[in-house]
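Here is a short report for a first look at a new structure. Please keep the model open while reading.

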Amino acid sequence: MAIADDELRGMIAVHQRMVFSIALRVTGDYATAEEVAQDVFLELYRSGERLVSEDHVRFWLRRVATHRAIDALRRKAIRPEDAAEEWIEEEHSDGEARGCDAGLQVRMEELLRTLPEPMRVAIVLRYQEEMMPDEIARLLGKSVASVKSHLHQGLTLLRRKAAVTMKEYVREPA
Amino acid sequence: MSVSQPEEQWSRFEEKLSDAMRRVDPPEGFAERVMARAQADDRPRARIVPFLRRARVWVSGAIAAALLAGVFVAEQMRLRQERERTELARQQFEAAMRITGETLQQARQQLQQAGVRVGTDGN
(Lines give C-alpha, C1' and ligand atoms only; values in the text may rest on other atoms or scores of the structure.)
Protein backbone atom coordinates (compact mmCIF):
# COMPACT_ATOMS: atom_id res chain seq x y z
CA MET A 1 0.00 0.00 0.00
CA ALA A 2 1.34 3.48 -0.93
CA ILE A 3 2.05 6.01 1.79
CA ALA A 4 -0.42 8.84 2.34
CA ASP A 5 0.05 12.30 0.78
CA ASP A 6 0.48 13.97 4.17
CA GLU A 7 3.09 11.45 5.18
CA LEU A 8 4.98 12.04 1.94
CA ARG A 9 4.81 15.80 2.42
CA GLY A 10 6.27 15.41 5.91
CA MET A 11 9.07 13.17 4.69
CA ILE A 12 9.97 15.64 1.93
CA ALA A 13 10.09 18.49 4.44
CA VAL A 14 12.42 16.57 6.72
CA HIS A 15 14.68 14.84 4.20
CA GLN A 16 14.74 16.97 1.03
CA ARG A 17 18.09 18.61 1.84
CA MET A 18 19.72 15.24 2.49
CA VAL A 19 18.35 13.57 -0.64
CA PHE A 20 19.02 16.55 -2.90
CA SER A 21 22.55 17.05 -1.56
CA ILE A 22 23.49 13.42 -2.09
CA ALA A 23 22.11 13.56 -5.63
CA LEU A 24 23.85 16.87 -6.34
CA ARG A 25 27.27 15.84 -5.06
CA VAL A 26 27.21 12.45 -6.76
CA THR A 27 25.92 13.70 -10.13
CA GLY A 28 27.43 17.18 -9.91
CA ASP A 29 24.57 18.47 -12.04
CA TYR A 30 21.89 20.70 -10.56
CA ALA A 31 19.00 19.76 -12.89
CA THR A 32 19.83 16.05 -12.77
CA ALA A 33 20.05 16.22 -8.99
CA GLU A 34 16.54 17.65 -8.75
CA GLU A 35 15.23 15.00 -11.13
CA VAL A 36 16.91 12.24 -9.10
CA ALA A 37 15.68 13.66 -5.80
CA GLN A 38 12.10 13.88 -7.10
CA ASP A 39 12.31 10.32 -8.39
CA VAL A 40 13.55 9.09 -5.01
CA PHE A 41 10.56 10.54 -3.16
CA LEU A 42 8.16 9.27 -5.83
CA GLU A 43 9.71 5.82 -5.58
CA LEU A 44 9.10 5.94 -1.85
CA TYR A 45 5.51 7.05 -2.47
CA ARG A 46 4.81 4.31 -5.03
CA SER A 47 6.69 1.49 -3.39
CA GLY A 48 4.49 1.19 -0.32
CA GLU A 49 7.61 0.39 1.69
CA ARG A 50 6.87 -0.28 5.35
CA LEU A 51 9.35 2.09 6.92
CA VAL A 52 8.92 1.54 10.61
CA SER A 53 11.32 4.10 12.08
CA GLU A 54 13.02 7.38 11.30
CA ASP A 55 16.37 5.54 10.97
CA HIS A 56 14.79 3.16 8.50
CA VAL A 57 13.42 6.07 6.44
CA ARG A 58 16.79 7.82 6.45
CA PHE A 59 18.64 4.63 5.48
CA TRP A 60 16.16 3.89 2.67
CA LEU A 61 16.33 7.43 1.28
CA ARG A 62 20.13 7.56 1.44
CA ARG A 63 20.45 4.18 -0.25
CA VAL A 64 17.98 4.90 -3.03
CA ALA A 65 19.28 8.46 -3.57
CA THR A 66 22.85 7.21 -3.86
CA HIS A 67 21.99 4.41 -6.29
CA ARG A 68 19.71 6.57 -8.42
CA ALA A 69 22.35 9.30 -8.57
CA ILE A 70 25.00 6.76 -9.62
CA ASP A 71 22.58 5.44 -12.26
CA ALA A 72 21.96 8.96 -13.56
CA LEU A 73 25.68 9.69 -13.62
CA ARG A 74 26.37 6.56 -15.66
CA ARG A 75 23.31 6.92 -17.92
CA LYS A 76 23.94 10.51 -18.85
CA ALA A 77 27.72 10.21 -18.71
CA ILE A 78 27.71 13.47 -16.77
CA ARG A 79 31.02 15.10 -16.24
CA PRO A 80 30.24 16.85 -12.95
CA GLU A 81 32.98 19.44 -13.34
CA ASP A 82 31.21 20.80 -16.46
CA ALA A 83 28.10 21.70 -14.50
CA ALA A 84 29.86 22.90 -11.39
CA GLU A 85 29.66 26.64 -11.93
CA GLU A 86 25.92 27.10 -11.67
CA TRP A 87 25.74 25.94 -8.11
CA ILE A 88 29.21 26.88 -6.95
CA GLU A 89 28.08 30.50 -7.04
CA GLU A 90 25.13 29.66 -4.85
CA GLU A 91 27.38 27.77 -2.47
CA HIS A 92 29.78 30.71 -2.45
CA SER A 93 27.16 33.18 -1.30
CA ASP A 94 25.78 30.68 1.18
CA GLY A 95 29.29 30.16 2.53
CA GLU A 96 29.82 33.85 3.00
CA ALA A 97 26.55 34.11 4.84
CA ARG A 98 27.75 31.46 7.24
CA GLY A 99 31.11 33.12 7.70
CA CYS A 100 33.02 30.23 6.13
CA ASP A 101 36.05 30.44 3.90
CA ALA A 102 33.99 30.35 0.72
CA GLY A 103 36.97 30.23 -1.61
CA LEU A 104 38.34 27.13 0.02
CA GLN A 105 34.88 25.61 0.07
CA VAL A 106 34.51 26.17 -3.66
CA ARG A 107 37.90 24.55 -4.23
CA MET A 108 36.83 21.55 -2.20
CA GLU A 109 33.65 21.21 -4.23
CA GLU A 110 35.60 21.44 -7.47
CA LEU A 111 38.11 18.88 -6.31
CA LEU A 112 35.36 16.51 -5.24
CA ARG A 113 33.96 16.55 -8.78
CA THR A 114 37.25 15.36 -10.18
CA LEU A 115 37.23 12.16 -8.11
CA PRO A 116 36.24 8.83 -9.69
CA GLU A 117 32.67 7.81 -8.90
CA PRO A 118 33.27 5.18 -6.14
CA MET A 119 35.61 7.49 -4.26
CA ARG A 120 33.28 10.46 -4.64
CA VAL A 121 30.30 8.45 -3.38
CA ALA A 122 32.26 7.22 -0.36
CA ILE A 123 33.51 10.75 0.44
CA VAL A 124 30.01 12.23 0.11
CA LEU A 125 28.50 9.68 2.45
CA ARG A 126 31.39 9.98 4.92
CA TYR A 127 31.76 13.76 5.07
CA GLN A 128 28.34 15.05 4.06
CA GLU A 129 26.24 12.41 5.78
CA GLU A 130 28.80 11.69 8.49
CA MET A 131 28.32 7.96 8.09
CA MET A 132 30.85 5.42 9.37
CA PRO A 133 32.56 3.07 6.88
CA ASP A 134 30.50 0.06 8.01
CA GLU A 135 27.27 2.03 7.50
CA ILE A 136 28.44 3.11 4.03
CA ALA A 137 29.35 -0.50 3.21
CA ARG A 138 25.89 -1.67 4.25
CA LEU A 139 24.21 1.07 2.24
CA LEU A 140 26.23 0.38 -0.91
CA GLY A 141 26.23 -3.40 -0.54
CA LYS A 142 30.04 -3.45 -0.54
CA SER A 143 32.65 -4.73 1.87
CA VAL A 144 33.92 -2.46 4.64
CA ALA A 145 37.45 -2.96 3.32
CA SER A 146 36.42 -1.73 -0.11
CA VAL A 147 34.73 1.35 1.35
CA LYS A 148 37.75 2.13 3.54
CA SER A 149 39.97 1.76 0.51
CA HIS A 150 37.84 4.16 -1.54
CA LEU A 151 37.77 6.64 1.33
CA HIS A 152 41.52 6.45 1.79
CA GLN A 153 42.25 6.77 -1.94
CA GLY A 154 39.71 9.58 -2.33
CA LEU A 155 41.05 11.52 0.60
CA THR A 156 44.65 11.07 -0.53
CA LEU A 157 43.74 12.26 -4.01
CA LEU A 158 41.83 15.24 -2.61
CA ARG A 159 44.75 16.18 -0.39
CA ARG A 160 47.22 15.98 -3.25
CA LYS A 161 45.03 18.12 -5.45
CA ALA A 162 44.30 20.47 -2.58
CA ALA A 163 48.01 21.03 -2.08
CA VAL A 164 48.18 22.52 -5.57
CA THR A 165 44.83 24.28 -5.35
CA MET A 166 45.55 25.80 -1.96
CA LYS A 167 48.89 27.12 -3.17
CA GLU A 168 47.11 28.80 -6.04
CA TYR A 169 44.58 30.11 -3.61
CA VAL A 170 47.03 31.64 -1.20
CA ARG A 171 48.97 33.28 -4.03
CA GLU A 172 45.96 35.37 -4.80
CA PRO A 173 46.09 38.88 -3.36
CA ALA A 174 44.14 39.30 -0.16
CA MET B 1 44.21 32.17 5.12
CA SER B 2 47.89 32.26 6.11
CA VAL B 3 50.65 30.78 3.92
CA SER B 4 52.87 30.33 6.92
CA GLN B 5 50.79 27.69 8.61
CA PRO B 6 50.48 24.76 6.18
CA GLU B 7 50.62 22.21 8.98
CA GLU B 8 47.56 23.66 10.57
CA GLN B 9 45.82 23.69 7.18
CA TRP B 10 46.55 20.00 6.73
CA SER B 11 45.32 19.10 10.16
CA ARG B 12 42.09 20.93 9.40
CA PHE B 13 41.67 19.33 6.00
CA GLU B 14 38.96 16.89 6.99
CA GLU B 15 37.22 19.55 8.99
CA LYS B 16 37.22 21.85 5.96
CA LEU B 17 36.00 19.02 3.80
CA SER B 18 33.08 18.34 6.12
CA ASP B 19 32.31 22.04 6.18
CA ALA B 20 32.43 22.28 2.40
CA MET B 21 30.12 19.32 2.13
CA ARG B 22 27.29 20.47 4.30
CA ARG B 23 23.84 19.83 2.92
CA VAL B 24 22.31 22.31 0.52
CA ASP B 25 18.71 23.33 -0.08
CA PRO B 26 16.92 21.97 -3.12
CA PRO B 27 15.59 24.50 -5.63
CA GLU B 28 12.59 26.61 -4.70
CA GLY B 29 9.29 24.73 -5.02
CA PHE B 30 10.89 21.30 -4.92
CA ALA B 31 8.35 19.81 -2.48
CA GLU B 32 5.41 21.16 -4.48
CA ARG B 33 6.76 19.65 -7.67
CA VAL B 34 7.17 16.24 -6.03
CA MET B 35 3.65 16.41 -4.61
CA ALA B 36 2.24 17.43 -7.98
CA ARG B 37 3.92 14.44 -9.62
CA ALA B 38 2.69 12.13 -6.87
CA GLN B 39 -0.88 13.36 -7.26
CA ALA B 40 -0.67 13.13 -11.05
CA ASP B 41 0.46 9.54 -10.55
CA ASP B 42 -2.57 8.73 -8.40
CA ARG B 43 -5.18 9.07 -11.14
CA PRO B 44 -3.74 6.60 -13.63
CA ARG B 45 -2.82 4.32 -10.76
CA ALA B 46 -6.44 4.33 -9.53
CA ARG B 47 -7.52 3.18 -12.96
CA ILE B 48 -4.72 0.73 -13.48
CA VAL B 49 -5.06 -1.10 -10.17
CA PRO B 50 -8.73 -2.18 -10.60
CA PHE B 51 -7.97 -3.05 -14.21
CA LEU B 52 -5.06 -5.22 -13.09
CA ARG B 53 -7.23 -6.84 -10.42
CA ARG B 54 -9.95 -7.60 -12.99
CA ALA B 55 -7.36 -8.80 -15.45
CA ARG B 56 -5.90 -11.09 -12.79
CA VAL B 57 -9.35 -12.66 -12.17
CA TRP B 58 -9.90 -13.12 -15.89
CA VAL B 59 -6.47 -14.58 -16.42
CA SER B 60 -6.92 -16.98 -13.50
CA GLY B 61 -10.31 -18.05 -14.87
CA ALA B 62 -8.89 -18.50 -18.36
CA ILE B 63 -6.04 -20.64 -17.04
CA ALA B 64 -8.46 -22.82 -15.03
CA ALA B 65 -10.76 -23.20 -18.04
CA ALA B 66 -7.83 -24.08 -20.28
CA LEU B 67 -6.68 -26.70 -17.77
CA LEU B 68 -10.16 -28.24 -17.56
CA ALA B 69 -10.52 -28.24 -21.34
CA GLY B 70 -7.11 -29.89 -21.61
CA VAL B 71 -8.06 -32.64 -19.16
CA PHE B 72 -11.40 -33.19 -20.94
CA VAL B 73 -9.79 -33.40 -24.39
CA ALA B 74 -7.11 -35.79 -23.13
CA GLU B 75 -9.75 -38.04 -21.56
CA GLN B 76 -11.82 -38.02 -24.76
CA MET B 77 -8.77 -38.93 -26.81
CA ARG B 78 -7.96 -41.79 -24.45
CA LEU B 79 -11.55 -43.16 -24.66
CA ARG B 80 -11.54 -42.86 -28.44
CA GLN B 81 -8.25 -44.76 -28.72
CA GLU B 82 -9.63 -47.46 -26.41
CA ARG B 83 -12.79 -47.77 -28.54
CA GLU B 84 -10.69 -48.02 -31.70
CA ARG B 85 -8.53 -50.74 -30.17
CA THR B 86 -11.65 -52.68 -29.04
CA GLU B 87 -13.24 -52.37 -32.49
CA LEU B 88 -10.04 -53.53 -34.18
CA ALA B 89 -9.80 -56.54 -31.85
CA ARG B 90 -13.45 -57.40 -32.52
CA GLN B 91 -12.91 -57.19 -36.29
CA GLN B 92 -9.79 -59.36 -36.05
CA PHE B 93 -11.66 -61.93 -33.94
CA GLU B 94 -14.58 -62.05 -36.41
CA ALA B 95 -12.20 -62.44 -39.35
CA ALA B 96 -10.39 -65.24 -37.57
CA MET B 97 -13.68 -67.01 -36.81
CA ARG B 98 -14.86 -66.61 -40.39
CA ILE B 99 -11.61 -68.03 -41.77
CA THR B 100 -11.74 -70.92 -39.31
CA GLY B 101 -15.37 -71.67 -40.20
CA GLU B 102 -14.63 -71.61 -43.95
CA THR B 103 -11.60 -73.87 -43.53
CA LEU B 104 -13.60 -76.37 -41.50
CA GLN B 105 -16.39 -76.35 -44.11
CA GLN B 106 -13.88 -77.01 -46.91
CA ALA B 107 -12.31 -79.86 -44.96
CA ARG B 108 -15.74 -81.41 -44.31
CA GLN B 109 -16.68 -81.24 -47.98
CA GLN B 110 -13.42 -82.89 -49.03
CA LEU B 111 -13.91 -85.67 -46.53
CA GLN B 112 -17.49 -86.25 -47.72
CA GLN B 113 -16.29 -86.35 -51.32
CA ALA B 114 -13.73 -88.95 -50.30
CA GLY B 115 -16.51 -91.03 -48.77
CA VAL B 116 -15.50 -90.48 -45.25
CA ARG B 117 -18.37 -90.00 -42.94
CA VAL B 118 -17.98 -86.96 -40.78
CA GLY B 119 -19.66 -87.14 -37.40
CA THR B 120 -21.54 -83.92 -37.64
CA ASP B 121 -24.86 -85.60 -37.03
CA GLY B 122 -23.70 -87.10 -33.71
CA ASN B 123 -22.86 -90.68 -35.03
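## An exposed loop residue

Glu130(A) counts as exposed because it has 10 C-beta neighbours inside 10 Å. Glu130(A) is found in the loop between helix 6 and helix 7 of chain A. Its phi is positive, about 55 degrees, although Glu130(A) is not a glycine. Most residues other than glycine have a negative phi.

## About the model

This is a predicted model, in which local features need pLDDT of at least 70, side-chain atom pairs count only at pLDDT 80 or more, and totals for chains, interfaces and linings use all residues. Residues are numbered from 1 along each chain as its sequence is written, while chains are lettered from A and ligands numbered from 1 in the order in which they are written.

## Chain A overall

Chain A has eight helices and zero strands. Helices (H or I, at least four residues) and strands (E, at least two) are DSSP runs, numbered from the N terminus. Of its 174 residues, 41% count as buried.

Take the contacts in chain A with a separation of 6 or more: residues 24 or more positions apart account for 69% of them. Two residues are in contact if their C-beta atoms, placed from the backbone, lie within 7 Å.

## Helix 3 of chain A

The buried residues of helix 3 of chain A include Leu61(A), Arg62(A), Val64(A) and Leu73(A). What covers the buried residues includes helix 1 (5–27), helix 2, helix 6 (117–128) and helix 7 (133–140) of chain A.

Helix 2 (residues 30–47) and helix 3 (residues 54–76) of chain A have axes that come within 9 Å and cross at roughly 135 degrees. Axes are lines fitted to C-alpha atoms, for helices over the stretch in contact, and angles run from 0 to 180 degrees between N-to-C directions. The two helices are therefore oblique to each other. Angles under 35 degrees count as roughly parallel, over 145 as roughly antiparallel, 65 to 115 as roughly perpendicular and the rest as oblique. Residues making the contact include Val36(A) and Val40(A) of helix 2 and Ala65(A) and Ala69(A) of helix 3.

## Where chain B meets chain A

On chain B, 23 residues are in contact with 33 residues of chain A. Helix 3 of chain B gives the largest share of the side of chain B that touches chain A, eight residues.

Conventions
Buried ≥ 20, exposed ≤ 12 C-beta atoms within 10 Å, placed from the backbone.
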